[in-house]
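Work through the exercises below with the sequence and the 3D structure in view. Each task is followed by a solution in steps.

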Amino acid sequence: MSTFELTAKLRELKELETMIAQAQEEAEAIKDAVKAYMTAQGIEELTADIFKVRYKTIRSSRIDTKSLKAELPEIAQRYTVETTSARFAVV
């Protein structure tokens, strides 16, 4: 791939990423409007045409790793797993 082709691809990538970000913002605004409606109605589930929508509170429990490392560092170290990944970024 030539430098010209690479630059064109990167420009196209940036344009697409911008479009995706804008679409995601619009989608979030729609979700927020539906959630506000459901909250105002006091409902956790609704059906609209072919769509079923749920907006429920979900509880979960997680280990506070910061506190675990501070109070029991040897235990935290023993159960810590290292992972490797690659990150792609165009800035």
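**Exercise 1. Burial and surface**

Task: Find what percentage of the 91 residues of the protein count as buried, and describe the accessible surface.

Solution. The model is predicted. Step 1: a residue counts as buried when its relative accessible area is under 20%. Step 2: by this cut-off, 4% of the 91 residues of the protein are buried. Step 3: the protein has an accessible surface of about 9,100 Å². Carbon and sulfur atoms account for 55% of that surface.

**Exercise 2. Two separations across the model**

Task: State how far apart the C-alpha atoms are for the pair Ala48 and Arg78 and for the pair Thr57 and Arg11.

Solution. Step 1: Ala48 belongs to strand β1, which covers residues 45-48. Ala48 is partly exposed, at 36% relative accessible area. Step 2: Ala48 and Arg78 are 30 residues apart along the chain, and 50 Å separates their C-alpha atoms. Step 3: Thr57 sits in the loop that runs between β2 (51-54) and α2 (65-71). With 69% relative accessibility, Thr57 is exposed. Step 4: between Thr57 and Arg11 there are 46 residues of separation along the chain and 41 Å between the C-alpha atoms.

**Exercise 3. A salt bridge within a helix**

Solution. Step 3: Asp32 is partly exposed at 42% relative accessibility. Lys35 is also partly exposed, with a value of 28%.

**Exercise 4. A network of salt bridges**

Task: Which residues are linked in a network of salt bridges?

Solution. Step 1: the whole structure has 5 salt bridges. Step 2: one of them joins Lys52 to Glu45, with the closest N and O atoms 3.7 Å apart. Step 3: the side chain of Glu45 also meets that of Arg54 in a salt bridge, at 3.0 Å from N to O. Step 4: Glu45, Lys52 and Arg54 therefore form a network, since Glu45 takes part in both bridges. Step 5: Glu45 is partly exposed at 35% relative accessibility, Lys52 is exposed at 52%, and Arg54 is exposed at 55%.

**Exercise 5. The loop between the strands**

Task: Is Asp49 buried or exposed, and what is the value of its phi?

Solution. Step 1: Asp49 is in the loop between β1 and β2. Step 2: the relative accessibility of Asp49 is 71%, so Asp49 counts as exposed, the cut-off being over 50%. Step 3: phi of Asp49 is near 60 degrees, which is a positive value in a residue other than glycine.

**Exercise 6. A nonpolar patch and the charges**

Task: Name the residues that make the nonpolar surface patch of about 310 Å², and give the distance between the mean positions of the positive and negative charges.

Solution. Step 1: Met1, Leu6 and Leu10 make the patch. Step 2: Met1 lies in the segment before α1 (3-41). Met1 is exposed, at 73% relative accessible area. Step 3: the protein has 14 positive and 15 negative charges, and their mean positions are 5 Å apart.

How values were computed
Residues numbered from 1 in each chain as written. Predicted model: local features only at pLDDT ≥ 70, side-chain atom pairs only at ≥ 80, totals over all residues. Heavy atoms only, no water. Buried < 20%, exposed > 50% of the residue type's maximum accessible area, 1.4 Å probe, protein only. Areas by Shrake-Rupley, 256 points an atom, 1.4 Å probe, with all protein chains shown as cover. Lys, Arg positive; Asp, Glu negative; His and termini not counted. Charge placed at Lys NZ, Arg CZ, Asp CG, Glu CD. Patch = residues over 30% accessible without salt bridge, like charges linked within 9 Å, V, L, I, M, F, W, Y side chains within 5 Å. Salt bridge = Lys/Arg side-chain N within 4 Å of Asp/Glu carboxyl O. Helix = DSSP H or I, 4+ residues; strand = E, 2+ residues; numbered from the N terminus.
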